[in-house]
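Visitor: Hi! I'm new to this one, could you walk me through it?

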Amino acid sequence: MINYKELGLVNSKELFAKAMAGRYAIPAFNFNNLEQMQAIIQACVDTKSPVILQVSAGARKYANQTLLRYLAQGAVEYSKELGFHVPIVLHLDHGSSFELCKSCIEFGFSSVMIDGSHLSYDENVALTRQVVDYAHQHDVTVEGELGVLAGVEDEVSHEHHTYTEPDQVEDFVKKTGVDSLAISIGTSHGANKFKPEQCTRNADGILVPPPLRFDILEEIEKRIPGFPIVLHGASSVPQDLVNTINQYGGALKDAIGIPEEQLRKAAASAVCKINIDSDGRLAMTAGIREHLTLNPADFDPRQYLSPARNLLKDLYKHKIENVLGSVNKA
């Protein structure tokens, strides 16, 4: 077994406590490869922001769990080399079973999410409690989930969303012992977060999504005051990136995300972790498509991955500075 402390990583407990007190959110960025990790750490060092490196079950299959562990360890040393030691959490995103969470803990993860939101309430409680009991033996923090997010992300797919029931949160937190709680207030996974019939259109014909249910968030805050809340599916799907992808051969239609002003509002509440994945995928794809279209003779991966990495870094710096509020919080 590899303990995350041997890798120079931290769990989320202290980071969340500081975020709650300071009314900002920790960025939780998914990564699958070296270039994404480089962009994340460069952005966080530049802004002096703590960060949660997220790994999905799909990422583990794609990149290999051992390589991802060493990439996370390398991220710690890379931040020092760049001139600032950034606190880094290695987190399992949407763990689907006790066995997967246990494996990640044994491979050096400092935080895991167990997503039993698709189960009955009692089954969700039992599964989450099982993970918490094991994780806390190794000082690993655990994120649970109540409510279902619609959309598609890796192996997580739901056609419809279900808002979190505020009446359940106090009981769930008490029975499971989780360290943070992911809730559903209208965010959604993927680049196509909403169907056109769920939205209105502005004067430019751009889809405008339904607003987040801040009334639910406020009620949850009353039920479990001072408890760390997490938002999944919080990419804003920047239209300039969508337009770049489509300009250079893509075919994204009705791609729409969560308005950044709503995410800023959430970050100033009990929400102390905001997950951003799809925006990063869009940035990488936009950078690669544009470069290869304008430079069709290039065949060295470094030639097209470098501008994509730079675009991703700029995107994440923007999120940290203008949405999450975690600048100088490391």
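Guide: Happy to! One term before we start: two strands pair if DSSP finds at least two bridges between them. Helices (H or I, at least four residues) and strands (E, at least two) are DSSP runs, numbered from the N terminus. This is a predicted model, where local features need pLDDT of at least 70, side-chain atom pairs count only at pLDDT 80 or more, and totals for chains, interfaces and linings use all residues. Residues are numbered from 1 along each chain as its sequence is written, and side-chain values use heavy atoms, without hydrogens and water.

Visitor: Got it. So which residue in E12 does Ile 229 bridge to?

Guide: The partner of Ile 229 is Val 271 in E12. Strand E11 (residues 229–231) and strand E12 (residues 271–276) run parallel, joined by three bridges.

Visitor: What do the eight strands close into?

Guide: A barrel, with parallel pairing, in the order E1-E2-E3-E4-E5-E8-E11-E12. On average, neighbours in this sheet are turned by 25° against each other, direction ignored. For angles, axes are lines fitted to C-alpha atoms, for helices over the stretch in contact, and values run from 0 to 180 degrees between N-to-C directions.

Visitor: And which strands does H2 touch?

Guide: Helix H2 (residues 34–47) packs on the sheet against strand E1 (26–30), strand E2 (51–56) and strand E3 (88–95). Its direction makes about 165° with that of E2. Contact here means heavy atoms within 4.5 Å.

Visitor: Where does H12 lie?

Guide: H12 lies across E1 and E12, at about 150° to E1.

Visitor: Switching to helix pairs, at what angle do H10 and H12 pack?

Guide: Helix H10 (residues 260–267) and helix H12 (residues 301–324) pack at about 65°, with axes 9 Å apart. That makes H10 roughly perpendicular to H12; the classes are under 35 degrees roughly parallel, over 145 roughly antiparallel, 65 to 115 roughly perpendicular, and the rest oblique.

Visitor: Which residues of H10 make the contact?

Guide: Glu 260, Leu 263, Arg 264 and Ala 267 of H10, meeting His 318, Lys 319, Asn 322, Val 323 and Leu 324 of H12.
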